[in-house]
Amino acid sequence: MLRTPTGGAGLGTATAGDRLVSIGTVLNQLRDEFPEVTISKIRFLEAEGLVEPRRTASGYRKFSPQDVERLARILRMQRDHYLPLKVIREHLDALARGEQIKLPSPSPQRDLLDGPWEPEGDRPTATRVGRAELLAAAEVSEDELAEWESYGLIAAGGEGGYDAETVTVARLVADLGRFGLEPRHLRAVKAAADREAGLVEQVVAPLRRHRNPQTRAHAEATAKELAGLSIRLHAALVQTALGLRLQ
């Protein structure tokens with residue numbers, strides 16, 4: 001849930017009764033629900049005209065509680081429904097007119113940093129999306145996606161289409177690209193992920209070959225738990241290497 005801003009600003013074109021906060025405060029409020037949101041992402045949504053914060057006389061952005069709620073709604077539409085910005089804008093305009101909107105059914109996603117994976121039988125199967133939907137979700141061009149595929153960062157599943165994890169990868173690659181990181185820079189990240197997957201496979205491979213169905217099921221649960229631990233370790237090591245303390 002979002003935390004309600006407590007300070008008042010009354011700067012620029014703001015009225016005295018408005019409670020306006022800086023973009024850094026907005027980031028902290030949104031990260032409760034959207035851990036991967038960045039200041040760059042907020043500025044990008046502003047540049048696309050989806051949110052219009054007020055400006056002080058010195059040019060600093062100041063966001064109202066309504067601006068923060070609007071940002072949260074936009075991020076939910078992207079995360080849960082894979083909607084492109086054009087469609088999100090249309091939905092927001094419709095809501096502003098008091099109209100009812102119908103969103104597509106959300107596709108379940110897992111945040112591996114929040115805890116271990118749930119057993120396969122305890123959660124619904126993630127919806128697969130087509131290439132056009134992936135392009136819309138990541139807000140990239142066909143040429144960009146083709147380049148990602150050439151570097152092995154993105155790949156369609158054996159049955160065609162892309163699963164929820166691949167959509168997440170695409171969005172993260174796109175976000176990193178806004179900081180100037182190109183696919184060639186991310187080859188080392190992909191190689192490290194492949195090595196971590198190899199370590200997990202070494203542990204669970206003997207269990208998967210076992211004749212007992214319960215043992216094989218245990219192999220899958222073990223693989224998921226090890227993957228979650230590996231990802232959390234990786235995140236902690238990166239933070240330590242950079243000397244960061246992330247919320």
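Helix axes are lines fitted to C-alpha atoms over the stretch in contact, and the angles between them run from 0 to 180 degrees between N-to-C directions. In this predicted model, the axes of α5 (residues 131–138) and α6 come within 10 Å. They cross at roughly 100 degrees. Angles of 65 to 115 degrees count as roughly perpendicular, and α5 and α6 are therefore roughly perpendicular to each other. On the α5 side, the contact is made by R131, L134, L135 and A138. On the α6 side, E142, L145, A146, W148 and E149 take part. Six residues of the contact of α5 with α6 are nonpolar and three are charged. None is polar.

The nonpolar cores come next. In soluble globular proteins, nonpolar side chains tend to be buried together. In this model, the largest nonpolar core has 23 residues. V26, L30, I42, L45, F63, L71 and I88 have the most contacts inside it. Helix α3 gives the most, with six residues. Leaving aside neighbours within four places in sequence, V26 is in contact with V21, I42, F63, V68 and L71. A second, separate core has 18 residues. L145, W148, V167 and A174 are among them. Of these, L145 and W148 also belong to the contact between α5 and α6.

Q78 is a residue of helix α3 (residues 65–81). Its relative accessibility is 5%. Buried means under 20%, so Q78 counts as buried. The Q78 side chain makes two polar contacts described here. One is with the side chain of K41, at 3.1 Å. Another is with the side chain of E139, at 2.4 Å. Residues up to four places away in sequence are not counted in the following list. Q78 touches K41, L83, L85, I88, E139 and R171. I88 is also one of the residues with the most contacts inside the largest nonpolar core.

D163 is found in the loop between α6 (142–150) and α7 (164–177). A polar contact of 2.8 Å joins the side chain of D163 to that of T166.

Note on methods. Residues numbered from 1 in each chain as written. Predicted model: local features only at pLDDT ≥ 70, side-chain atom pairs only at ≥ 80, totals over all residues. Heavy atoms only, no water. Helix = DSSP H or I, 4+ residues; strand = E, 2+ residues; numbered from the N terminus. Polar contact = N/O pair within 3.5 Å; in protein donor to acceptor, adjacent residues only side chain to side chain. Parallel < 35°, antiparallel > 145°, perpendicular 65-115°, else oblique. Contact = heavy atoms within 4.5 Å. Nonpolar A, V, L, I, M, F, W, Y, C, P; charged D, E, K, R; others polar. Buried < 20%, exposed > 50% of the residue type's maximum accessible area, 1.4 Å probe, protein only. Core = buried A, V, L, I, M, F, W, Y, C linked by side-chain atoms within 4.5 Å.
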